[in-house]
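Please read this briefing alongside the sequence and the coordinates shown below.

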Amino acid sequence: MVIINDTDFGYVIVDGEKIEHDIVILPNGKIIKRRKDISVKYRNMYGHTPLSKDELKYYLNSIGQNIKFIVIGTGQYGDLPLTPEAKNFLEELKSRGVNVIIDKTPSVIGKLNELYSKGAKTLSIIHVTC
């Protein structure tokens, strides 16, 4: 079971380990570095590398299983942009029964820990800076 211990600007502490980059926590508890390279082509439009539909699909395709929750921590101040296509894709997933939670990173930690403690199949994307 994954436990997110803390977060502040530039890091998140997961299972006691301080991680200083954006992460993705897969439903099996595996933590991987966020694949910003998939969304970087949109950086000039947003002034920041957003979360794109392509990036979301990459994670979902790599999981290969049904999930019940997608939780997106949008940074300490909530500044991680989502492309319109990503937002539309998330709405489509909601219509198929996936629960989507998007909020500032500090605000999602409690909910994530609750979901992890219940064994809910959750894909988490955690932005650690702005």
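The points that follow are grouped by topic, beginning with the basis of the model.

This is a predicted model, in which local features need pLDDT of at least 70 and side-chain atom pairs count only at pLDDT 80 or more, whereas totals for chains, interfaces and linings use all residues. Residues are numbered from 1 along each chain as its sequence is written, and side-chain values use heavy atoms, with hydrogens and water left out.

**Strand S6 and its partners**

- Helices (H or I, at least four residues) and strands (E, at least two) are DSSP runs, numbered from the N terminus, and two strands pair if DSSP finds at least two bridges between them.
- Strand S6 (residues 69-74) and strand S7 (residues 99-103) run parallel and are joined by five bridges, with isoleucine 70 opposite valine 100 in S7 and glycine 73 opposite aspartate 103 in S7.
- Between S6 and S7 the chain passes through helix H3 (residues 84-95), and this β-α-β crossover is right-handed, a term that applies if, with the strands pointing away from the viewer, the path from the first strand over the helix to the second runs clockwise.
- S6 also pairs with S8 in the parallel sense, over six bridges, and here isoleucine 72 stands opposite isoleucine 125 in S8.
- Six of the six residues of S6 are buried, where buried means under 20% relative accessible area, exposed over 50%, and partly exposed in between (1.4 Å probe, protein chains only).
- In a regular strand the side chains alternate between the two faces of the sheet. In S6, Phe69, Val71 and Gly73 point one way and Ile70, Ile72 and Thr74 the other way, and all are buried.

**Histidine 127**

- Histidine 127 lies in strand S8 (residues 122-127) and counts as buried because its relative accessibility is 1%.
- The side chains of histidine 127 and aspartate 22 are joined by a polar contact of 2.7 Å; such a contact is a pair of N or O atoms within 3.5 Å, and within protein one must be able to donate a hydrogen and the other to accept it, while residues adjacent in sequence count only if both atoms are side-chain atoms.
- Leaving aside residues up to four places away in sequence, histidine 127 touches several residues, among them Arg34, His48, Gly73 and Thr74, contact meaning heavy atoms within 4.5 Å.

**Tyrosine 116**

- Tyrosine 116 is found in helix H4 (residues 105-117) and, at 9% relative accessibility, is buried.
- The side chain of tyrosine 116 makes a polar contact of 2.6 Å with the side chain of serine 124, and tyrosine 116 also touches residues including Met1, Val2, Ile4 and Ile25, not counting residues up to four places away in sequence.

**Aromatic rings and charges**

- The structure holds two aromatic pairs. In the pair of tyrosine 58 and tyrosine 59 the ring centres are 5.6 Å apart and the planes are at 70°, so the pair is edge-to-face.
- Rings of Phe, Tyr and Trp (its six-membered ring) pair if their centres lie within 6.5 Å, and planes under 30 degrees apart count as stacked, over 60 as edge-to-face and the rest as tilted.
- Tyrosine 58 is partly exposed at 34% relative accessibility, whereas tyrosine 59 is buried at 0%.
- Arginine 35 lies over the face of tyrosine 58, at 4.9 Å from the ring centre, and lysine 18 lies over the face of tyrosine 11, at 4.4 Å from the ring centre; a charge sits over a ring if NZ of Lys or CZ of Arg is within 6 Å of the ring centre and within 35 degrees of the ring normal.
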